[in-house]
Amino acid sequence: MITTKMQGFYREKNKIFTENLCKGCKVYNERLIKIKGKEYRSWNPYRSKLAAAILNGLSININSNSNFLYLGAATGTTVSHISDILNEGLVYSVESSPIAVKKFIQVCEKRKNIIPILEDANHPDRYSSIVPIVDFVYQDISQRNQAEIFIENIERYLKKDGFGIIMVKARSIDVSLEPKKAFDIICSKLEENGLKILKRINLKPYEKDHSAIMISI
Ligand SMILES: C[S@@+](CC[C@H](N)C(=O)[O-])C[C@H]1O[C@@H](n2cnc3c(N)ncnc32)[C@H](O)[C@@H]1O
């Protein structure tokens, strides 16, 4: 059973917010607002697929002490909102682009619960000295072999009762396929490797031809 009860998370109809871990700081062009004396950052579903998935019905329970392995951190838009929700937990954030990491480091300097890792997620063994077994493996890497990358990282790092979330862009799998067919292919690959599909959510209208797929092992 999965529930949505996230500390540091606030929802008002179709708007969601996270309590700002770094008071007065912005990470992208989000709005800062005060709710009951606390500062919150608006979580933009057009900039973050996790926000889009939550608004479209993804229900997850991120405890304040959960640990995340986040693959494809880019400059830290979504990672920063996860960082807001966590308290004792850490977000181990893998990103292969040095240019993105240079900007991402500025976010990490203000948020001590993010561990940036400049690496290629195709090689999970390369960060085994840094990353422990985690509660969530999250992947947002638009690559043709993204299912394989996700599976390898899950096998290596996800704890038995943990969850995985993969953001799939249909065109990255095969431009010639109908999006639904591309999502079916990814789901079949995940199931063939022993993963259970818990939820599949289309990210319309925030992202075209994208789906969030949540799994357990
Ligand atoms: C769609 S962007 C991620 C956006 C980010 N998740 C967010 O919501 O803020 C995909 C990122 O994955 C990175 N990436 C692509 N292939 C990768 C790989 N093999 N290992 C690690 N990162 C990779 C890209 O450099 C890019 O920054």
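Modeller: Lys13 sits in the loop that runs between strand 1 and strand 2 (15–19); strands here are DSSP runs of E with at least two residues, numbered from the N terminus. The phi of Lys13 is positive, near 50 degrees, and Lys13 is not a glycine. This is a predicted model, so local features need pLDDT of at least 70 and side-chain atom pairs count only at pLDDT 80 or more, while totals for chains, interfaces and linings use all residues. Numbering starts from 1 along each chain as its sequence is written, and side-chain values use heavy atoms, with hydrogens and water left out.

Now for the sheet around that loop. Four strands make an open sheet in the order 1-2-4-3, with antiparallel pairing; two strands pair if DSSP finds at least two bridges between them. At its edges are strand 1 (9–12) and strand 3, each pairing on one side only. From one strand to the next the twist averages 35 degrees, with axes fitted as lines to C-alpha atoms and angles running from 0 to 180 degrees between N-to-C directions.

Within this sheet, strand 3 (residues 32–35) runs antiparallel to strand 4 (residues 38–42), and four bridges join the two. Leu32 has Arg41 as its bridge partner in strand 4, and Lys34 faces Glu39 of strand 4. The two strands form a hairpin with two residues between them. In that turn, Lys36 has a positive phi of about 45 degrees.

Strand 10 pairs with strand 11 (residues 210–216) in the antiparallel sense over six bridges, and Lys199 stands opposite Met214 of strand 11. The loop between strand 10 and strand 11 contains Pro205. A cis peptide bond, with omega about 0 degrees, joins Lys204 to Pro205.

Rings of Phe, Tyr and Trp (its six-membered ring) pair if their centres lie within 6.5 Å; planes under 30 degrees apart are stacked, over 60 edge-to-face, and the rest tilted. The count by this rule is eight aromatic pairs. In one of them, the ring centres of Phe68 and Phe136 are 4.7 Å apart and the planes lie at 10 degrees, so this pair is stacked. Phe68 belongs to strand 5 (residues 68–71) and Phe136 to strand 8 (residues 134–139), and this pair links distant parts of the chain, 68 residues apart.

Finally, the ligand. It has 17 residues around it, and Tyr70, Thr78, Glu95, Asp120 and Ala121 come nearest; a residue counts if one of its heavy atoms lies within 4 Å. A side-chain N or O atom of Tyr70 is 2.6 Å from a ligand nitrogen atom. Taken alone the ligand exposes 600 Å², of which the protein buries 81%, by the Shrake-Rupley method with a 1.4 Å probe.

Terms used
A polar contact is a pair of N or O atoms within 3.5 Å; within protein, one must be able to donate a hydrogen and the other to accept it, and residues adjacent in sequence count only if both atoms are side-chain atoms.
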